[in-house]
Amino acid sequence: MNRRELIGGVAATAAVSLPTVLRSQQLFRLALTPVFLDNDAAVIERLRDALSTGMGRDVDLVQRRTYQEITGALLDGSVDAAWLCGYPFLQHRGQLSLLGVPVWRGQPRYQSYLITSAGDQATGLEDLRGGMHAFSDPDSNSGFLVTASDLARMGETPDSFFARTIFTWGHRNVVRAVAGGLVRSGSVDGYVWQALAAVEPGLVARTRIVSQSEWLGFPPFAARSDRMADPAVTTLQRALLEMDRMPAGRKALDLLFLDRIAEPDVRLFDGIAARMAELGQAG
Amino acid sequence: MRHGTISRIPITLRVAIAMGGLMIVLGMVASQQVLRSLSRLHDDRLREIARLHVEGLSVALGPLVLHKDVWEVYDTLDRARGASDGQRMLFTVVADDRNRVLAATDPLRAPVDSDATPFSKDASDLSALTASGDEPQVRVRAPLRVAERTVGQIVTEIDVGDLVAERRRVSFFLLLANAGATALLAFAGYILVARMLKPVTLLAQHMDNAGGAPSRIPEAEIPKSDTELARLLRTFNTMTGAIDARAEAEKRLAERERFVSLGRLSSSLAHEINNPLGGLLNSVDTIRTYANRPEVVQKSVALLERGLVHLKDVSRAILDENRLDRAGVPLRRTDFDDLKLLFEPEAARKRQHLDWQVRADGADLSSLPAAPVRQIVLNLLLNASAAAPEGGWIGLSVAPRDGGIELSITDDGRGLSAQDLDRLMSSAPVAPGGGVGLRLVHDLVTGLNGRIRHDRDGGRTSVIVFLPSAEAV
């Protein structure tokens with residue numbers, strides 16, 4: 001054992017809190033869009049533990065304010081992979097490939113909810129005309145595209161239909177804006193709303209679902225197509241698909257209210273693609 | 001009358017009340033000062049709280065307001081409120097440069113894009129912020145500045161309920177303590193003043209002790225320390241002595257009056273004795289000359305005897321009038337005979353007609369003492385004789401009446417002067433100059449529980465004295 005190996009061994013032994021070794025390898029960066037309870041540090045911690053264990057290397061979870069920043073980071077190689085929304089995935093369909101799709105309540109799909117405050121009498125989107133509306137992110141499927149495409153079918157745009165629209169940069173913030181009375185209605189991820197109902201029932205109870213969209217493809221894990229053969233990426237994919245069979249992974253999935261991560265099937269996102277087409281955007 | 005009511009309160013109490021009043025004023029002024037300091041302290045504290053709160057928010061909100069980012073403004077306010085949950089910030093509204101609402105902690109109360117004037121118009125600036133009102137919350141406004149440019153304003157409602165409650169509590173206890181201290185000082189003042197004014201109270205007590213007459217203050221009760229008041233009390237004692245001496249002198253003067261009335265009769269009585277003496281001496285000469293003529297001697301001796309008996313009666317009457325040990329001797333009809341004997345020569349001298357009518361018998365008179373009644377009648381007769389003119393008319397009537405006797409002395413003189421009436425009818429002090437005979441009559445009648453009436457009718461003056469019998473009293 002030479003001197004360098006000795007120092008490395010001592011350093012590794014000292015860093016006992018880290019899940020695994022192989023610290024000499026480059027940090028693996030996984031970006032997260034605010035599709036889930038991004039404010040919960042415990043969830044982030046568990047997910048990182050699970051992936052680090054699964055991949056056998058240290059994983060850095062990268063968070064940004066907007067979807068656009070995340071997508072940009074993925075495309076320019078600043079991050080190795082990302083948990084994206086189906087909408088930006090389809091926007092950059094040519095450059096990105098799927099790694100896996102989370103299964104929620106038995107299927108890899110979710111819905112977009114149109115919500116109002118609990119006391120509001122609205123029964124559909126039409127009733128919300130002239131009010132203030134909160135979107136999550138202009139690149140979010142459930143938090144923007146669904147409602148925008150519904151309005152397009154009615155021959156309206158968000159700006160013409162609502163008195164004012166705001167972006168809250170997070171689904172939980174949409175619920176807060178509606179619950180607090182800042183806006184009359186909001187477009188929110190149905191999965192996030194349901195998860196919040198379990199962890200923050202007081203907040204969610206102040207809102208009410210006005211309408212639910214059709215079932216659409218759940219936000220997937222994706223990587224740049226040209227890096228799909230990269231050993232790090234394939235290791236991540238294997239770790240994702242095996243998460244539900246690992247104790248650390250199971251814990252993380254439970255906190256995320258997910259069943260498992262399934263093999264990807266790009267046809268899951270046909271519904272989103274159809275809505276994009278209605279907005280006049282190519283898939 | 002109010003003045004009368006106040007002046008009826010004892011001076012010790014009045015001074016104590018005045019002292020208590022001063023203490024209350026002092027307490028109020030002191031309380032006011034403390035409350036003002038407290039209020040200033042609270043205002044400073046409130047201003048500091050508001051300044052920190054508003055300045056902290058201003059720094060965070062400035063750029064967001066500049067970009068009119070509704071969500072970020074709301075998110076910042078919402079998180080600030082969450083961080084200060086249960087603390088002072090009740091409600092905050094942020095408006096843009098046109099005073100339109102960008103966001104508020106309670107969007108239902110201040111919807112986005114609504115006019116923020118209702119919130120900002122009665123809000124005070126940070127420097128003018130005060131918690132002096134009774135409102136449990138105050139509203140403060142501050143401009144939002146980015147790079148020296150005002151981009152909007154922030155209006156915040158701050159909970160000052162605890163400060164208001166604290167001030168109310170402190171005020172209550174302060175006033176309570178002050179009231180207690182004032183009461184204590186007023187009480188101490190009362191004790192002190194009462195002690196200091198004790199000689200005055202003593203003086204007031206002795207001033208009208210036991211029915212109007214001032215009484216002497218015992219030397220032992222005069223404080224030795226306070227020279228000023230001690231001098232006052234000694235002067236009072238001296239004055240009391242002077243009043244006593246004067247009363248004593250008046251009494252002695254009245255005693256003398258008995259001799260004075262006899263003195264006034266002395267000249268008449270001298271004639272009364274002298275006149276028969278000539279006849280008696282003649283009888284003696286006749287007896288000596290006609291010693292051998294038994295019928296002449298017999299006649300002269302009879303004449304001599306009659307004259308001597310008269311002289312004996314006169315001298316006995318004078319002696320009776322002068323005797324000092326007549327107390328307890330009851331009044332008899334013969335007393336009036338004696339008086340007639342004594343007074344008749346005086347009336348005769350002035351050729352005044354005397355109408356003498358004694359209709360009371362021994363039973364009517366015996367319950368009354370002889371000496372004072374004789375003095376009363378003699379004084380009134382002398383007074384009537386003096387008042388009646390030469391050759392005038394004087395009447396005496398003694399008659400039983402209502403279980404006593406009524407003496408009526410009448411003359412046809414000019415009547416009694418106002419001064420004489422005063423002496424006769426009232427107990428008021430005797431004015432100097434003039435005799436005390438009538439006053440003596442008044443005092444004697446009063447002593448016998450009698451009444452004096454004065455009557456002037458048809459040129460005649462009557463003084464009517466009613467004396468109840470001793471049994472009837």
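I started with the nonpolar patch and asked which element gives most to it: H5(B) has the largest share, three residues. This is a predicted model, so I'm reading everything here as computed.

The patch on the surface consists of B:Leu13, B:Ile17, B:Phe187, B:Tyr190 and B:Ile191. Together they have about 460 Å² of accessible area. Two elements of chain B give two or more residues each: helix H2 (11-66) and helix H5 (161-196). I checked B:Tyr190 on its own, and its place is in helix H5 of chain B.

Then I turned to the interface. How many residues of each chain are in contact? I got 13 from chain A and 14 from chain B. The two chains bury about 1,100 Å² between them, with 55% of that on carbon and sulfur atoms. On the chain A side, A:Arg164, A:Arg176 and A:Leu182 lose the most area to chain B, and together they make up 54% of what that side buries.

One I noted by name joins the side chains of A:Arg65 and B:Glu72, at 2.5 Å from N to O.

Last, I asked where the chain A side comes from. Strand S8 (164-167) and helix H7 (171-179) of chain A each supply at least two of the residues that touch chain B. By type, I noted six nonpolar, four polar and three charged residues on that side.

Methods: Residues are numbered from 1 along each chain as its sequence is written. Chains are lettered from A and ligands numbered from 1 in the order in which they are written. This is a predicted model: local features need pLDDT of at least 70, side-chain atom pairs count only at pLDDT 80 or more; totals for chains, interfaces and linings use all residues. Side-chain values use heavy atoms; hydrogens and water are left out. Contact means heavy atoms within 4.5 Å. Buried area is the accessible area (1.4 Å probe) that two parts lose on being put together, summed over both. A salt bridge is a side-chain nitrogen of Lys or Arg within 4 Å of a carboxyl oxygen of Asp or Glu. Helices (H or I, at least four residues) and strands (E, at least two) are DSSP runs, numbered from the N terminus. Ala, Val, Leu, Ile, Met, Phe, Trp, Tyr, Cys and Pro count as nonpolar, Asp, Glu, Lys and Arg as charged, and the others, Gly among them, as polar. Patches are made of residues with over 30% relative accessible area and no salt bridge: like charges are joined within 9 Å, nonpolar side chains (Val, Leu, Ile, Met, Phe, Trp, Tyr) within 5 Å. Accessible areas come from the Shrake-Rupley method with a 1.4 Å probe; for residues, only the protein chains shown count as cover.
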